[in-house]
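Reader: I am new to this structure and would like to go through it step by step. Please show it first.

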Amino acid sequence: MPWDSVPWFTEGGAVHSSEVARLLAYAAFGGGQGVIGSGDLRVRALSSPAASVDVMPGACAIVNRAAGAAYQAYAGRLPTSDRVQVAGTGTTARSDLIVARVENPYSYGETWPNPSDAEVGPYIFTRVIPNVPKTTTRISQVRPGDSAITLARIDLPANTSTVTQAMIKDLRSMVSPRRERVLYTAFPPELSGLIYSDGKWHNWPGIARWNIDVPTWATRVKIVTTLAGLRLSFADVFASMQNVFGGTPGQNTAIDDDQGANTRRNTVVVADNMPVPAAQRGTTQALYLQTFIAKTESGDLSVDASTSIIADVEFVEAPDEEEV
């Protein structure tokens, strides 16, 4: 019989196979694997560092890597934190992976030992994979046949018997991260200029200001602000511009122009990839531009009715290290 003869879901007392049930999980997770929520299954050092770490509560999806187990996944849940031991080092540094692994001896081709109680298992564990290359970021690089997801790598120096947070490299990925992208625009109705005055940052152009609703799940924000038709005049211009989101300034973008006294136009792009603190999630935060004109130059900047200002704002959900 070429088909698995009982599809999900069939009435009449039909017996459904574990393979078809895992197919349902695989489809629900979109074929992906990783943690479910951005804070799930974080690996944390103990408040008083010791030879162990805690894995925080959470949930995950794990693709079944057993032979012949195409289109199958497990759904796992850790309701309380799990403490695991990490061996100390001798005269040589060592890197260990912390993983969540399903050990199902009943799946075809698997060789895990049977649990003491077939009804309650356990079948899923936090495991330490010791002595991996320091460049390792995924369990598949060292154990490709394991049904497991990587949570963290611990890079232990030589002669170390305790684990600190600085030694823990977060390697979680999310099974289905959310995204939200919106374009905001501004068109100056009249000429507005900025000239050198005091060697300080100024909130300019003033029209480039938007109040933005932050999703409750967002952990990072990507911002690309473009000024098309920015007007430069009077002399050479040397200035800097930056996004400010939620009161936090981003990276400076230089405006360095050596075209002399004629009036000309330019396009400036200011881009950032910034964390969203837990306190800002679910709130409304201001996005605006700040501009600084260097004292050593005397050119002017201005925007007018021929200028377009576009802010491309994308919130993303990614594994989050911040306590919430």
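Reader: How much space lies in the largest pocket?

Author: This is a predicted model, in which local features need pLDDT of at least 70, side-chain atom pairs count only at pLDDT 80 or more, and totals for chains, interfaces and linings use all residues. Residues are numbered from 1 along each chain as its sequence is written, and side-chain values use heavy atoms, without hydrogens and water. A pocket is an open set of points on a 1 Å grid over the protein atoms alone, where a 1.4 Å probe fits, with protein on both sides within 12 Å along at least five of seven lines. Its volume, the space filled by probe spheres set on the points, is about 220 Å³.

Reader: Which class has eight residues in the lining of the largest pocket?

Author: Lining residues have an atom within 4 Å of a point, and they include W3, W8, E19 and Y71. Asp, Glu, Lys and Arg count as charged; Ala, Val, Leu, Ile, Met, Phe, Trp, Tyr, Cys and Pro as nonpolar; the others, Gly among them, as polar. Two lining residues are polar and two charged, while the class with eight is nonpolar.

Reader: Is S52 buried or exposed?

Author: S52 belongs to strand β3, residues 52-55, a strand being a DSSP run (E) of at least two residues. Buried means under 20% relative accessible area, exposed over 50%. Because its relative accessibility is 5%, S52 counts as buried.

Note on methods:
Helices (H or I, at least four residues) and strands (E, at least two) are DSSP runs, numbered from the N terminus. Buried means under 20% relative accessible area, exposed over 50%, partly exposed in between (1.4 Å probe, protein chains only).
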